[in-house]
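Q: I am new to reading protein structures. Could you walk me through this one, feature by feature?

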Amino acid sequence: MDGVSFHVDRGETVGIVGESGSGKSVTAMSILRLVAEPGRIASGRILFGDEGKQKDVVQMTDDEIREFRGNDVAMIFQDPMTSMNPVLKVGFQIKEAMAAHERFTPKQARDRVVPMLKRVRIPAPEDRAKNYPHQFSGGMRQRAMIAMGLSNEPHLLIADEPTTALDVTVQAQIIELLRDLNRDLGTAVILITHNLAVVASLCTRVIVMYAGRIVEEGPTRQIFKSPQHPYTWSLLRSIPRLDEYQHEKLLTISGLPPDLTNPPPGCKFHPRCRFRVDRCLEEEPPLGEVDPGQKARCWVLMRNALAAQPQQAGQP
Amino acid sequence: MTRGTFAYVGQRFVLIALTALVVSSIVFIGVHQLPGNAFLSERQSSPQREAELLHHYGLDKPLPQQYLAWVGGVLHGDLGESLVNRGVRITPLLLRELRVSATLGLFALLFTVVLGMGLGILAATKQNTWIDYAASFGGTVGYSMPNFVTATLLILLTVTGFYAWSGGAFYEDIGWGKPEQVIVPAIALGLYPMAIISRLTRASMLEVIRQDYVRTAWAKGLRPRLVVIRHSLRNALIPVVTILGPITTSVITGSVVIEYIFGIPGLGKEFVNSIFNRDYNIVIGVFTFYAILVGLANLAVDLVYPLLDPRIRY
């Protein structure tokens, strides 16, 4: 992870996309300082709060970070099957999240469990609160995780691949739920995923990561319409779409992500890039603004590449 | 507790009874195959007296008949009479000795569980620090020292060592009967199982604290104490409870070595003496009692599982 810098505004939904090993989850974990050993935060700042009175997560004491976790920023994880403690009742685990912080009194915490489960659309919430996680389906567990995450009314919810382990219909329900909760509660959401469709349907802004770096970021609509980094462009061309490019072949990105302990020189994407120029092999490009609100880390940029060699784009 | 639980427990009791029957008959046959009998001294002086005694105790009858007579006695709670200390009924004798061994054993068990689990948890939460290394080193030492070595070293330390160090004012008085005499043998008895428990707890905890739900617990902002005790320990206890069954049985039934070294009149000592003396009824009685106790301890362990993990049901 190197030089990753981004911001999330109040109430905003931001997607972080990238393939496995690109550093998306580590980025998310470091916001709560949950990076597993032997990983560590060597340097940098993670600021949270209003302009002028921001707190730096990296500098927090153990008590401060404990109070911060789950209270200011909550997190839900990829696999709802293993993310809840199998030996404790679901309702208890939600209540416990509130009991860990001072926002609610013990009685309020107890009384909020059932409404929270109802809010995430779990049927018969009174009975379900008394169930153990193994009595829940995968989708219901993820809903319960969301209820747990939102129980303290955090400003930010980090969802680390919340739909990856679920089947497609349930995925859609979870995404819809996240969108409604974001709208109703004003909780900002960072959605980490490798699923571009999920990003398109939920996020207003998207950050694309590759090899521990941000390679492109900007408003979702703009990125999907005119990606400027070849990696983003290739990602978008590698999924089938019903609305456009109907007669195109799907594109694959050849090769594998680089070994981060021994990264290639220059642009980290150049070994797999079909638009590379000599400069890409030697010098890493900066993350520069390419359009208002859109930044890309590329010497070439797709608009120039496509203008120069349209046949390479795979268009008919 | 559901109907299923009662049915399950009922089945297990039947199995334990069958086990006791099989064990007692095997031991019965085995012990009668040993050369000699309890009346060796009589045999030298007067073979006729030996024959009288054999007849008196029914030992001249065929083995199946003797076994049935023994089972009949057991059903009335009577394990028979000692062949060596004639006239002594075995049932009260064993119960008295069991009380001694169990008292010592429960103290040893307390030491085992509290210190073993404590060290295991500490080592796991402070993995790869000097605390972990020290606990692991201590565990390995406890694990590899035979209990007669441990017992001898403890006697050296607490009996002669404390005596010399305090100028005779303070020392361990070896024997049995005073409350303070329990502590040192309990430590000697508990050190080995303590080492097992601590190593097992550490390994089990290390596995659990890497689970996703423990990460969730941290992400909720729970206090470290709650993450360790509520979210890790309970889940890590299952393998520990499993081994606790056999450990409990072996510890509360007394250790021959510890009882000899510390001069404690317990069941373990009686057991070995009875084999040497060919005191058939005691040998069979103690063996059968052990078999039942192992069965009960394992049943108790199985009944604890559902309390720890709601996914386990009977």
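A: Let us begin with helices and strands: they are DSSP runs, numbered from the N terminus, with helices (H or I) needing at least four residues and strands (E) at least two. Ala109(A), for instance, is found in helix H5 of chain A, residues 106–119. Before going on, note that this is a predicted model, where local features need pLDDT of at least 70, side-chain atom pairs count only at pLDDT 80 or more, and totals for chains, interfaces and linings use all residues. Residues are numbered from 1 along each chain as its sequence is written, chains are lettered from A and ligands numbered from 1 in the order in which they are written, and side-chain values use heavy atoms, with hydrogens and water left out.

Q: Is Ala109(A) buried or exposed?

A: Buried means under 20% relative accessible area, exposed over 50%, and partly exposed in between (1.4 Å probe, protein chains only). Ala109(A) has 1% relative accessibility, so this residue counts as buried.

Q: Which residues does Ala109(A) touch?

A: A contact means heavy atoms within 4.5 Å. Leaving aside residues up to four places away in sequence, Ala109(A) touches Lys95(A), Met98(A) and Phe104(A).

Q: Why does Thr220(A) count as buried?

A: Thr220(A) counts as buried because its relative accessible area is 6%. You will find Thr220(A) in helix H10 of chain A, residues 220–225. Not counting residues up to four places away in sequence, its contacts include Val199(A), Cys203(A) and Val206(A). The side chain of Thr220(A) also reaches the backbone oxygen of Cys203(A) at 2.7 Å.

Q: How many helices and strands are there in chain B?

A: Chain B has 13 helices and zero strands. Its C-alpha atoms fill a box of roughly 85 × 65 × 30 Å along the principal axes. Of the 314 residues in chain B, 45% are buried.

Q: Which residues are buried in helix H12 of chain B?

A: Helix H12 of chain B spans residues 267–276, and its buried residues are Leu267(B), Gly268(B), Glu270(B), Phe271(B), Val272(B) and Ser274(B). They pack against helices H5 (90–125), H11 (256–262) and H13 (280–308) of chain B. After H12(B) comes Arg278(B), with a positive phi near 55°.

Q: How many residues does each chain bring to the contact between chain B and chain A?

A: Chain A gives 27 residues and chain B gives 19 residues. To describe such an interface we use buried area: the accessible area (1.4 Å probe) that two parts lose on being put together, summed over both. Here chain B and chain A bury about 2,100 Å², with 58% of it on carbon and sulfur atoms. On the chain B side, Arg215(B), Ala219(B) and Lys220(B) lose the most area to chain A, together 28% of what that side buries.

Q: How many salt bridges does the rule find across the interface of chain B and chain A?

A: A salt bridge is a side-chain nitrogen of Lys or Arg within 4 Å of a carboxyl oxygen of Asp or Glu. The rule finds two across this interface. In one salt bridge, the side chains of Glu96(A) and Lys220(B) meet at 2.8 Å, N to O. Helix H9 (212–219) and helix H10 (224–252) of chain B each supply at least two residues of the side that touches chain A. H9(B) gives the largest share of that side, six residues.

Terms used. Polar contact = N/O pair within 3.5 Å; in protein donor to acceptor, adjacent residues only side chain to side chain.
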